[in-house]
Amino acid sequence: MENLELLLARTDTRLESVKRHIEALPDGRGGEWKALLWHVHGEFASDAAAIVGDVSGAEQVEEPARGQLRANAGQRLERLQILLDALHAKMATYRDAVARADVPVGLQHLVDVLIDQVVIDSGDPIIHLDTRNMYSTIDLVGPMDELVAALGPQGRPYPGRHPIAFNLPALDPNNVLLSPVLAHEVAHTAVTRELLQKLQDRIQSGAAGKQIDDAFARLGFGGDQRQTAALAQAFQSWSAELLCDAIAIALTGPSFLFAFAAFVPPTAITPASKSHPDIQDRLGFALDVIDSYGWMPFIEARAPKLVTWFREVCTQPILTGSAEEAFLREAISASATERKLIASDHVVTPLDPHEGARIDQAAAWLAQGVPLVDVDGSVLSPWQVVLAGWMAAISVRGDQSATVALAAGDRDYNAVIVKAIEYSQIVSAWRAK
């Protein structure tokens, strides 16, 4: 008897603690996280109330039914303790992310642009400074709905706008030159929700599907469903990563190439995994996508040595030599056109290489530390500013591989680019009035 009463009391106090935490969260940017937490708290509280009702009802029946009802109530309370633990961990992780003011306005604006340009059905961004040196995003409705679903069929999914966490490295959150990596991460929300299925449908209905099926047949797996499923999952994972790359390139142009090389150096000796292609292969596919958007003449004219280096790197993948790896590389090559088409369909306003002259003018000023944003009477977009930042860095530091790391690691220079994005937002808003 005492154990059940203890669990009831502990559940009540923990729910009250969660309530106090939610009440203390500020309103403002990222406030949808607060609304989501209220939803989860309400579902947990309803479940706890139902358990209390069952315990009270148990007092009205005789043994052994009474003991069984109390035992069932105890099991439900124990499960609720585990779910409250998981909720507590998420709340602790993002407790400072709502309405935070320690990240520059320019970077926050860039995050807003990503939400508008990539996320299906939009979302509410919250910026989290992570302890790892990483860039990633997560749609927080997913894990919260999983907690609620664990209550049983009575749990209701969240109906509101999705809060999306942008995880930035805590020691270097203002690194705008690496923001194209964030574009890749945000793309995962759209790829997971809809675009990967569209890609698979397009592949299966075209010539690429037959080529991939023929390549799979040559593996000789026969009816081994375990191997077949594992290889299909690996192909999906590789396709998702490269589709996110293609979307990021459509948005940010060649900036993605420089940012990716700075963030994940292609000199690593790690081969491809079940979830990611080899880094060198990814750079090769990125070059193809960049070329398909018409950016190659632009970067060849301004960074010919870097382009040559990229091309050399992508011819030296770290291979295991397995038949499965050979199949995946062939399948990915066969489906390259389909990925580009899906990315192009999704990104409504891709970065335009015909704006190269304006980007050059902005780069010339950024190279002198001046955040120019108005060129020929028109305001540069945030992604044009980022590309101008990369071009300025290459012109100042040299056309060499080390430049991408040195520029990305220069906090003062990144601050100038962030300020330029902030100015572009202010000027655009002012002219819109």
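Q: What is the volume of the largest pocket?
A: This is a predicted model, in which local features need pLDDT of at least 70 and side-chain atom pairs count only at pLDDT 80 or more, whereas totals for chains, interfaces and linings use all residues. Residues are numbered from 1 along each chain as its sequence is written, and side-chain values use heavy atoms, with hydrogens and water left out. On a 1 Å grid over the protein atoms alone, a pocket is an open set of points with protein on both sides within 12 Å along at least five of seven lines, and its volume is the space filled by probe spheres set on points joined across faces, edges and corners. For the largest pocket this is about 330 Å³.

Q: Which helix supplies the largest share of the lining of the largest pocket?
A: The lining (residues with an atom within 4 Å of a point) has 19 residues, with E241, F260, V264, H276 and R282 nearest the pocket centre. Helix 6 (179-204), helix 9 (255-263) and helix 10 (279-292) each supply at least two of the lining residues; helices are DSSP runs of H or I with at least four residues, numbered from the N terminus. The largest share, four residues, comes from helix 6.

Q: How many charged residues line the largest cavity?
A: Helix 8 (225-252), helix 10 and helix 14 (336-346) each supply at least two residues of this lining. Among the lining residues are D245, D288, R339 and K340. Asp, Glu, Lys and Arg count as charged, and beside seven nonpolar and no polar residues, the number of charged ones is four.

Q: What span does helix 18 reach from its first C-alpha to its last?
A: Helix 18 covers residues 411-432, 22 residues in total. The expected span, 1.5 Å times one less than the number of residues, is 32 Å. Close to that expectation, helix 18 reaches 32 Å.

Key:
1 Å grid on protein atoms, 1.4 Å probe; cavity = no way out; pocket = protein on both sides within 12 Å on 5 of 7 lines; lining within 4 Å.
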